[in-house]
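Reader: Please show me the complex. I would like to go through it by question and answer.

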Amino acid sequence: MNRLRPAFVLLVAAPALAFAVLSTGIVIQSRAALEPELDQSAARRALEYVRWERSQRLAELRAATGSLGSQIAPLDIARYAVYDRAGRTIERFPGDAPLLSLEPGTPQTEAMLAAARRSQAVVDFVTFDGAPAWLAYLPRDGGIAVVQRRVDPSTLTRFETATGYTLALYHGRRRALAGDEDFGARLPGTFVDSLASLDRALSLDADRRAAAPLKDFDDWDAIGAVVVAATASAPALPPLPLLPVSAIWLAAAFTVVALGWVTLRRHPGILATPLRRAFVIALIPPALAAAWAAGADARLSARTTDAALDLGARVLSLVPRPGQLPVERSAELAGADVAVVRAQGVVASDPELGAATDRVRGDPMGRVRVSGQRLAYRVVSEEGPPLLLLTPPLEDARKTALFWLAGLYGALAAAILVYASHARAAGNAIELREARTAWTFLSPSLVLLLVFSAAPLLFAFYLSFHRWNLVEPAKPFVGFEHYLTLAGDGLFWNAAKNTAVYSLYVPATMVCALAVAILLNRRIRGVALLRAIFFLPYITSFVAISIVWQWMYDPDFGLFNWLLGLVGLGPFPWLNSPATALLALIVLAVWIHIGFQMIIFLAGLQAIPNELYEAAMIDGAGPWRRFWRITLPLLRPTTFFVLVTSIIGSFQVFTFVYVMTEGGPLHATDVIVYHIYQNAWQFLRMGYASAMSWILFAVIFAITLAQFRFLGRRVAPS
Amino acid sequence: MTAWRTLVTFTLVASACAEGTDERTVLRVMAWAGPDERAIEQRILDRFSEARPGIEIEFESISANYRERLLTSIVAGTPPDVALLDNGSFGAAPFIARDLLVNVAAYLDRVGVDTSAYYSEVLDIFRRPAGLYAFPKDFNPIVVYLNVGLFERASVPLPDWDWTWQDFERIAVRLTRDTDGDGRNESWGTLVRRNFYLWQPWVWAAGGDVLGPEGRQATGYLNSPETETAIRFLTDLVTEHRVVPSVDVRRQSTGLERNFFLTGRIGMIWSGHWWLPRIRRYIEEGRVRVAVLPLPRYDGRDPVTVIYAAGWAVPHNTRHKKLAVELAAHLSSAQSQRERAEYGLAIPSIRAVHDSIAAADPYGLEQAFLQATRHGRMSWGSTVEEWAHVEVQLPDIFDRVIFEDEPIHRVTTDIAERIDRILAARGTR
């Protein structure tokens, strides 16, 4: 035992330390990513707010275009001009002012003119003589009015007062309207240069500044940017939370420990007592660390969601009478996925949403379930009927790191168990080192297996309990609904029946393959070529084979019916009849798989010592008796291997059906995997398809288990 | 240790340099295209990138699972900048219904697109009350190809353009012949495939339909007497008149039908413009004489055909919206359509381009397409989100009537109810 002491230390300390570091890292990274996300959310809200301002000013100008002169003072119009359709100036203010600098001929001016000609009023943001202004093109009887209106500086201060973020407007890289500081230099080159193609907000630096591109009237060209900078009153995330732990995670982690402990107590022979102690001790600290990380990450994410929704609510407070806005516009302004008016007598378009409003009485913000989906809500009730803002919470979306943490924890538990078992079994340090080396070499495969097999398997299991459509944002939990629906889905059971019938090709192929293997297991001229010919179909593209066989199966012009016709048989409809289509696929499967199974059987045959046959011949055994008494019994492991792998393969048949028949005619060749494919990718019913996948997995698992139980025992070498 | 430091420094410097000098904007275009089409599309794309230094375009031609790949790339946040969609297998309807595409109507002036230049029947496929969601590329009406040589050998005069179903049936019977008396036919009148996209126009021609006007109900439409008339007519060609070699259940065409048409074993095949490039060489070499006619009309009713069209769309979450809309417009421009028409897989969606192609056609085949287009209707795949799910139910009607000999009304009623359940179950799986 003394020799193993350093390993004990490693076993206990290293995983605990690694998990503590990893968990803390996840939470630090979480916080570092979430605060910029909050600032970017503020930039997006600022952008929506500026766009709303722009549309409001346009509405006021449209209302005033009929009598521009008398409306100038209250609207704070800097200048305007009215042109007739020939481009002649009809009216201008101030009378002696130069004509507006419209840069005629530029795509933007032309687009605005074109829109105005279509009687569509448009407004844009410009700087003119160094001052920021809204530039509106307004259709009038017989012409177009071009009006320049000053941007009210209080637009920015009101935003700062409401949200705690200073707001600056940029035209290109030049500051048009802002507080004391010029952020122009901070706008990164890539951001400014590719403004036109960016539709997202960016963080500018570590000082909590973020920017979003400001596009022109039809959202085509980026003409500038809005930049926000957090002040002391801006929402912020708390420092690393120390106390919260995720109860579910904690329970799950300790269940693993408890199960391990109970197993070791029941079977004390598995590990020696010190190892048992080490096993449990090595798993407790990581469990605590992971539970803390999960809880802290969820709390930070929830706080970010709440703060972003709160920002949205504050921006809405800047808009007069928020309750009178269309709910879709309120949601856009506030950055929520959905907004719904919460008032007696108001019927929401979605009854589920209407019902949700009743479940949130009391708290102004929190979480509510709508159509099975968990949503964060915030009630806005400054004026008019209360408005409910709803959005998917970040804590539900940010599960990737924790998923990996859980996976690592499971892998750690398994690794410790394996290591401990080896330590117990190893009589000396050399054997232990050899075991360690073996596991080191196996670990890449293990990782691949976990990532590409185990993880998708578990994810499919998760999907099977959800309504999961690729393009629908709501993915609600539906319990066993898919499994219950499957029970009554006649097409699924038809596919299951077809799959079972199709798998009959396996015994048929095995008989043929064994016969061919015995025939080709002798030293005759050209045997290698014959073996290659038999093996060739298996390594040829299945799609190519399917297309060629389609032609051979053609009822009128196909090779098979022509050959059968020579001996007075047929014609048979092959793929074109529900009665024969599946049989046609079985024949094809036999032809393809004979080569593969023959090679395996050949290997098995060549492993049978020749002396046994010689002794039998001396004893007078004929070929038939030698086959039954020597070949077949000694081929049992090979036969078992071929049977198990082929049955599994037969349940996963897809390519022939996909290429040749699409499951038809009359669903006669519809097999389970094709049915899964159709539901998942053609009908986009991922949850339902996942449930089918798990049923298929369970069936294959049960059949394989049965094969091992009933046949495997007879195969084991005595 | 020194070696490590050197390696790390080198890597950092190299990556910094790479970041600093890489100022290219890469646009991705996703479409389905064969080798010939790929070369043409690449030429069209090159013209766009040559006019815009610093822009690089990657053309991704996807032959299998196109819709699935496009959907997953959009949902995963890595969409192509421009994607080809149609109103058939790669239907635009679910993408439009879920706001996954940019409404390009607002940018028509910006990119210099005049929508009045397009066939309105094609434009409508991608148009909604709220706007336009793709620039039309090209389209295919279903027409009938006739093997003139077989008609002559069977002494059957070619029908005129105003032919009826009765004419079609009568001709098909006369073209089905056992010339050597061995009890097996050497030629057949036509070919019936169970794929719904080919028999949709026959249903319309008889005054029936698969779904009601709103596209949300099949009962009362799929099992209406008019729809059943069309189904009976087509299935009778197989079971009563026996003028077809077999009902084709195959998904992938093996090229057999083309060979049998070219060698005069099948007289009439109804298909789209995509057939022309496959048989043009034989026509030019004088090895086969072909006539093209619009589909026959049902007695007493107007002729009708179905139009399948493709259009260039911009996913809503592209990172280069302006460039992408410009590129989509470029791909749909008259010059691009003219270049594409050289290959001729489909008809240009710009009327003037099609007119000039038809005028230059030495065999007069394009005239039939012009005529058919006038009676073209868009398929349900243009507007019904669940169309992919609905469409796969329809071949069952043929199968059950032909193989199981079930009464047509029972089958259509059963399938209509199944489709109603699919349409009613929106978002419940």
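Predicted model: local features only at pLDDT ≥ 70, side-chain atom pairs only at ≥ 80, totals over all residues.

Author: Residues are numbered from 1 along each chain as its sequence is written, while chains are lettered from A and ligands numbered from 1 in the order in which they are written.

Reader: Which residues of chain B have pLDDT under 50?

Author: pLDDT is the predictor's confidence in each residue, from 0 to 100. Chain B averages 87, and 91% of the residues score at least 70. One stretch has zero contacts beyond four places in sequence; two residues are in contact if their C-beta atoms, placed from the backbone, lie within 7 Å. That stretch, with pLDDT under 50, is residues 1-22.

Reader: Which helix gives the most to the side of chain B that touches chain A?

Author: The contact takes 37 residues from chain B and 38 residues from chain A. On the chain B side, the elements giving two or more residues are H3 (66-75), H12 (321-331), H16 (387-391) and H17 (395-403). Helices (H or I, at least four residues) and strands (E, at least two) are DSSP runs, numbered from the N terminus. With five residues, the one that gives the most is H17(B).

Reader: Within what arc do the buried residues of H15(A) fall?

Author: A residue is buried if 20 or more other C-beta atoms lie within 10 Å of its own, exposed if 12 or fewer, and partly exposed in between, with C-beta atoms placed from the backbone. In H15(A), the buried residues are A:Tyr505, A:Val506, A:Thr509, A:Met510, A:Ala513, A:Leu514 and A:Ala517. They line one face of the helix, because the arc (of the directions from the helix axis to the C-beta atoms) is within 155 degrees.

Reader: Which helices of chain A do the buried residues of H15(A) pack against?

Author: On the other side of H15(A), A:Pro507 and A:Leu519 are exposed. The buried residues pack against H14 (490-502), H19 (581-606) and H22 (636-651).

Reader: How many residues of H8(B) are buried?

Author: H8(B) spans residues 196-205 and is mostly covered. Its cover includes H9 (225-239), S11 (305-313) and S13 (376-378) of chain B. Among the buried residues are B:Trp199, B:Trp202 and B:Trp204.
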